[in-house]
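Please find below a colleague's note on the structure. It is set out as numbered points.

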Amino acid sequence: MARLVAVYLFGAGAGAFAAWIGSPLPWMIGPLLATASLYLTGVVDITIPVKTRPIGQIVIASQVGVYFSPAAFAMLLAFAPLLIGMALATACCALVVALLLARVANLNLTAAFLSSLPTSPVEAAVMAERYKCNPGPVILSQTVRIASVVVLVPVAIYIIDGWPTRDMVRTTPELEAIGVVLLAGIGMAGALLARACRVPNPFFLGPLAASSAISALGVAPSFYPSVVLSCAQIILGVWLGSTFRRSLFAAAGRLVTASIVTTLLMLALTSMIAVIVSRMAGLSWELMVLGTAPGGVTEMALTAKFLGQDVALITAFHLTRIFILMPNIPWIIRMIHGLERRRNCRDGRNGSDRP
């Protein structure tokens, strides 16, 4: 327990330092990089309990939902074709990157697609095991993708737009104790209901749906105080950083380089499409880049809030992609796996000669 507390304190210190130097998303990026350095160097090898991640997700998701005012929902309906189109474009970029990853890293197509599609590392690993693929490369690639997006996207926007001063960063509104308690209760109830209904990613989608529904009715709860939101980010950052296990990277070989290169390519492709569409749609390029970035909805919603972008619209981009991809990933992977097995049979291979 003492070592676990020490890791969190180290992450919190890194977050404070990142905030002091004016880093984007400091309480997420700081702990992520600091914790990853501890695990990659072998200084720490304890397991961060998976149960801690839902705490951060519930806090952040329920706060994101507060942005879904009636006016915001009307705007989302108006942008529905764009949301669907960008979700499909991101999926196509992932498929292109998967083909490259399969060739460069010598992965079978099933593992390569699971490594590249924007989804949860845990869910991707479970599907990899189901189709008798080594889950290690899948977890590594997914982790590299999420961490890279969380760090690179906000930093790139800062570099291009200019590093803001502290008074330019959006702050949390005045604290209302009753509203905060109400928001926490709504988030917890939404998470439990979503888990009972077996909704994918229940600890984010559940609180988000519950909080959004309340806000859409015009009854918006209060925002969490800054310290609560910062603690939630520390929890998520430490957990994500702890997934960078030294043993996993040591055994990965050229997969590490391949994962980094393909992640950068994925970011380049989605960002290029986002910038082009932003010109055509008359939207800011920052908003479109955050909306199409192949990262987790939790992290991109936080980035949007910190950078002062439209949190509701950016979250809608990611949720649209989630609800389009998540139900369809199983049959897509099943189809790819079947095609690959038939090809291997024709070539006289059993399909198990590659990870």
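This is a predicted model: local features need pLDDT of at least 70, side-chain atom pairs count only at pLDDT 80 or more; totals for chains, interfaces and linings use all residues.

1. Residues are numbered from 1 along each chain as its sequence is written, and side-chain values use heavy atoms, with hydrogens and water left out.

2. Helix α3 (residues 52–65) packs with helix α11 (residues 226–242) at an angle of about 135°, the axes being 8 Å apart. Helices here are DSSP runs (H or I, at least four residues). The angle therefore makes α3 oblique to α11 (under 35 degrees is roughly parallel, over 145 roughly antiparallel, 65 to 115 roughly perpendicular, the rest oblique).

3. On the α3 side, the contact (heavy atoms within 4.5 Å) includes Arg-53, Ile-55, Val-59 and Ile-60, and on the α11 side it includes Leu-229, Ile-235 and Trp-239. The contact residues of α3 with α11 comprise nine nonpolar, five polar and one charged.

4. UniProt, in an unreviewed entry, places the feature "transmembrane region" at several spans, among them residues 82–102 and 256–277. Residues 82–102 are 100% helix and 0% strand, with end C-alpha atoms 30 Å apart. Residues 256–277 are also 100% helix and 0% strand, and their end C-alpha atoms lie 32 Å apart.

5. How many aromatic pairs does a search of the whole structure find? The search finds one: Phe-17 and Trp-20, tilted, at 6.0 Å centre to centre and 35° between the planes. Rings pair if their centres lie within 6.5 Å; planes under 30 degrees apart count as stacked, over 60 as edge-to-face and the rest as tilted. Both residues lie in helix α1 (residues 2–20), three residues apart, about one turn of the helix.

How values were computed:
Axes are lines fitted to C-alpha atoms, for helices over the stretch in contact, and angles run from 0 to 180 degrees between N-to-C directions. Helices (H or I, at least four residues) and strands (E, at least two) are DSSP runs, numbered from the N terminus. Ala, Val, Leu, Ile, Met, Phe, Trp, Tyr, Cys and Pro count as nonpolar, Asp, Glu, Lys and Arg as charged, and the others, Gly among them, as polar. UniProt positions are given in the numbering used here, feature names are shortened, and annotations may be inferred rather than shown by experiment.
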